[in-house]
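Hello,

Here is the structure for you to look over. My notes follow below it.

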Amino acid sequence: MTVTPRFTGDASPYGGGDPYADYRTADFPFTHLVDLADRRLGAGVIAANDEFFAERENLLKPEPAAFDPERFGHKGKIMDGWETRRRRGASAAEPHPADEDHDWALVRLGAPGVVRGLVVDTAHFRGNYPQSVSVEATSLPGSPSPEDLLAPEVKWTTLVPRTAVGGHAANGFVVEAAQRFTHLRVNQHPDGGIARLRVHGEVVPDPAWLAALGTFDLVALENGGGVEDASDRFYSPATHTIAPGRSRKMDDGWETRRRRDKGNDWIRYRLVEQAEIRAVEIDTAYLKGNAAGWAQISVSDGEGGEPAELLPRTRLQPDTNHRFVLPEPVRGTHVRIDIFPDGGISRLRLFGSLTEQGETRLAARHVELGG
């Protein structure tokens, strides 16, 4: 088992130049998984006990934290993260915070799921980061308020015990709790600042919701679809192709490097469960001189199933949403799109409904994970 890298202690004071030059980070084994706390999936920081210096909402910004050494406001240095005021003790005789004193923020996951790893990023918090952090999780139905979550009867599961962290560093934690969660409570002890929070894991959708929808996008991230592999991730990740909404700029889709051989590029997806596909969308929005020339889609039923044609090799247009109604439903659990010869697509949508077997397996997993 690979030991997760750990960072502790202050980083050096900022001395000018690239603020990320001395940033401490590592390759964590879970960062290829979807960020369940992505605001594009509907995540939010719904409450915090203190956000005096910097707002809690900064925690979930999709881009890396920025640093402007000249930016100050009436309350002090303006940081791109969540930063609380300095805690004090009870009296002059006891000036230091008590051991149990800490700040907290409540995070609603954009998609409920199993958390496999967390990154508590203290980028640019060099001497004002928390001494340690802890993270808890719970699962509540519906849209609970902060008061609902903080009620004494709510059960919280520890994902990360109180652990020392480092300043100006990506602090990564492998999570072992194989349960479905909807909300997190992020604690910093005793106070300080965190730039970003990333919550990597697997989406576990609500079977009742999908059953009510009937026909839905079977490969969408928010519905439990996923990317299993891709031939090329040079410019952008393949997971972008199943993100919510339409692409808003070129790097919000999937683009490969230019091929200099006679091969082609591809992505392999896992559907939420066994389903019957009835319609397909392939979008090349914002890909104009670099859209794929042609695409074809194959489907297989089960791991290692024999692939069958879903969509024959079809010409694609740049910056265009292509829609195809299939002549008859096609059953499967996995789909592969091949693009020719290279280039990219921005989104893939596969519309259909779960089979009876797919519904049964999805419901069983939901119960198994505590949903």
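These notes cover a strand, a helix and a single aspartate.

Please keep in mind that this is a predicted model.

**Strand β12**

Start with β12, residues 196-203. Of its 8 residues, 7 are buried, so the strand is largely enclosed by the rest of the structure.

- β1 (residues 34-35) pairs with β12 in the antiparallel sense, over 2 bridges. In this pairing, Asp35 has His200 of β12 as its bridge partner.
- β6 (residues 103-121) also pairs with β12, again antiparallel, over 8 bridges. Here Val115 stands opposite Gly201 in β12.

**Helix α3**

Next, go to α3, which runs over residues 356-368. How far apart are its end C-alpha atoms? They are 18 Å apart. That agrees with expectation, because 13 residues at 1.5 Å a residue should span 18 Å.

Its buried residues are Gly358, Leu362 and His366. They cover an arc of only 70 degrees around the axis, so they sit on the same side of α3. What do they pack against? The partners are β10 (180-189), α2 (207-213), β16 (265-283) and β21 (347-354).

The face pointing away from the buried side carries the exposed residues Glu356, Thr360, Val367 and Glu368. Just after α3 comes Gly370, with a positive phi of about 90 degrees.

**Asp338**

Last, a single side chain. Asp338 is found in β19, the strand of residues 321-340. Is Asp338 buried or exposed? Its relative accessibility is 7%. Buried means under 20%, so Asp338 counts as buried.

- with Asn264, at 3.0 Å;
- with Arg336, at 2.9 Å.

Leaving aside neighbours within four places in sequence, Asp338 is in contact with Asn264, Asp265, Trp266, Trp294, Ala295 and Gln296.

**Where to look**

1. β12 with its antiparallel partners β1 and β6.
2. α3 from the side of Gly358, Leu362 and His366, then from the side of Glu356, Thr360, Val367 and Glu368.
3. Asp338 with the side chains of Asn264 and Arg336.

Best wishes

Notes. Residues numbered from 1 in each chain as written. Predicted model: local features only at pLDDT ≥ 70, side-chain atom pairs only at ≥ 80, totals over all residues. Heavy atoms only, no water. Buried < 20%, exposed > 50% of the residue type's maximum accessible area, 1.4 Å probe, protein only. Helix = DSSP H or I, 4+ residues; strand = E, 2+ residues; numbered from the N terminus. Pairing = 2+ DSSP bridges. Expected span 1.5 Å × (residues − 1). Arc of directions from axis to C-beta. Contact = heavy atoms within 4.5 Å. Polar contact = N/O pair within 3.5 Å; in protein donor to acceptor, adjacent residues only side chain to side chain.
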